[in-house]
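Please work through the following exercises with the sequence and the coordinates open beside you. Each task is followed by a solution that goes step by step.

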Amino acid sequence: MLIDLAGKVAIVTGGGRGIGREIAETLAREGVRVVTTDVRRELIDGLTATFAANGWEGIARNVDVRDASAIQALVDEVVGAHGRIDILVNNAGVALEGPVETMTEESWDTSQDINLKGTFLMCRAVIPAMKQQRGGRILNAASFAAIVPSLGGGAYASSKAGVHYFSRVLAGELGPWDITVNAYAPGMIPTELNHFAERAPEEQTRLLDTLSLRRWQDAREVANLICFLCSDLAGYITGTMIDVSGGKLATQIPRAAYERAAEAGEYAF
Ligand SMILES: NC(=O)c1ccc[n+]([C@@H]2O[C@H](COP(=O)([O-])OP(=O)(O)OC[C@H]3O[C@@H](n4cnc5c(N)ncnc54)[C@H](O)[C@@H]3O)[C@@H](O)[C@H]2O)c1
């Protein structure tokens, strides 16, 4: 059974670094014509050249997911160049943390504007092209925080829960055109979003202890899921949030299994 994405056309937002960069490069490696966007020009400068140097088809554009007219111009450019948009990955996101009591309105608004409204604006813009071609795949970055939020994550978790439910509604609305819409929930991938790997060792241990697979996730493991969801193999999956969090949502005290394994001499902390 093979995943064949060759020749498809994808837009990946926030592809300048982190998980988005991995998704964009993985899709490009699979023969997808990838249009990567990011709000930070310096993160995508040179990305088009990197794609070309690897023999991949792809371009990078400096687009803010909060800017509806820039998004429309991007979509017009992609449809003009390729005649279609098969895949949209709404990866761009921010994690602004802090207790509600001291959270600024700016922090709240930025979280909702980028994570939730940005997802809406991108989806709205690609719908006409996907309807016309009677098919498409929309994948929206949510988080396990949409189900089990962290303290201090009032703005982040609510925006990601919004992404989850928005995806469900859109899946229903676009079913008649065979367009699937899903959210996905990555686990804990140390990136500049969270700086997990730079935290104090005890703090890292505390975080890892919440995972059934007690290790940091590799961004490639999210990119692999995206490839599957974009493929013909996943044509009947829509309106759900796919958990790719290493068991973050599975059990209450996953560390206990590791303690038992350690007692049996089969795991070393
Ligand atoms: N890293 C994790 O452990 C983790 C876990 C769960 C969910 N996620 C989600 O995955 C996505 C990617 O996370 P990451 O860890 O790679 O983050 P990251 O900060 O490394 O990358 C996010 C990218 O989005 C871009 N971006 C931010 N605002 C933007 C805007 N307004 N318009 C366009 N681009 C914008 C940034 O410039 C950056 O390149 C996010 O939506 C995040 O919430 C990450």
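Predicted model: local features only at pLDDT ≥ 70, side-chain atom pairs only at ≥ 80, totals over all residues.

**Exercise 1.** Is L74 buried or exposed?

Solution. The relative accessible area of L74 is 3%; because buried means under 20%, L74 is buried. Setting aside residues up to four places away in sequence, L74 touches I11, V35, T37, R61, V63 and M122.

**Exercise 2.** Determine where Q217 is placed and what the side chain of Q217 reaches.

Solution. Q217 sits in the loop between helix 7 (201–208) and helix 8 (219–230), and with a relative accessible area of 12% Q217 is buried. The side chain of Q217 reaches the backbone oxygen of V244 at 2.8 Å. Leaving aside neighbours within four places in sequence, the residues in contact with Q217 include P186, G187, M188, I189 and P190, and also V222 and V244.

**Exercise 3.** Explain why C123 is too far from the closest cysteine sulfur for a bond.

Solution. A disulfide requires a pair of cysteine sulfur atoms within 2.5 Å. The closest cysteine sulfur to that of C123 belongs to C230 and is 13 Å away, so the separation is too far for a bond. C230 is likewise in no disulfide, since the nearest cysteine sulfur, that of C227, is 6.7 Å away. By this rule the count of disulfides comes to zero. As for accessibility, C123 counts as buried at 0%, and C230 counts as buried at 3%.

Key. Residues numbered from 1 in each chain as written. Heavy atoms only, no water. Buried < 20%, exposed > 50% of the residue type's maximum accessible area, 1.4 Å probe, protein only. Contact = heavy atoms within 4.5 Å. Helix = DSSP H or I, 4+ residues; strand = E, 2+ residues; numbered from the N terminus. Polar contact = N/O pair within 3.5 Å; in protein donor to acceptor, adjacent residues only side chain to side chain.
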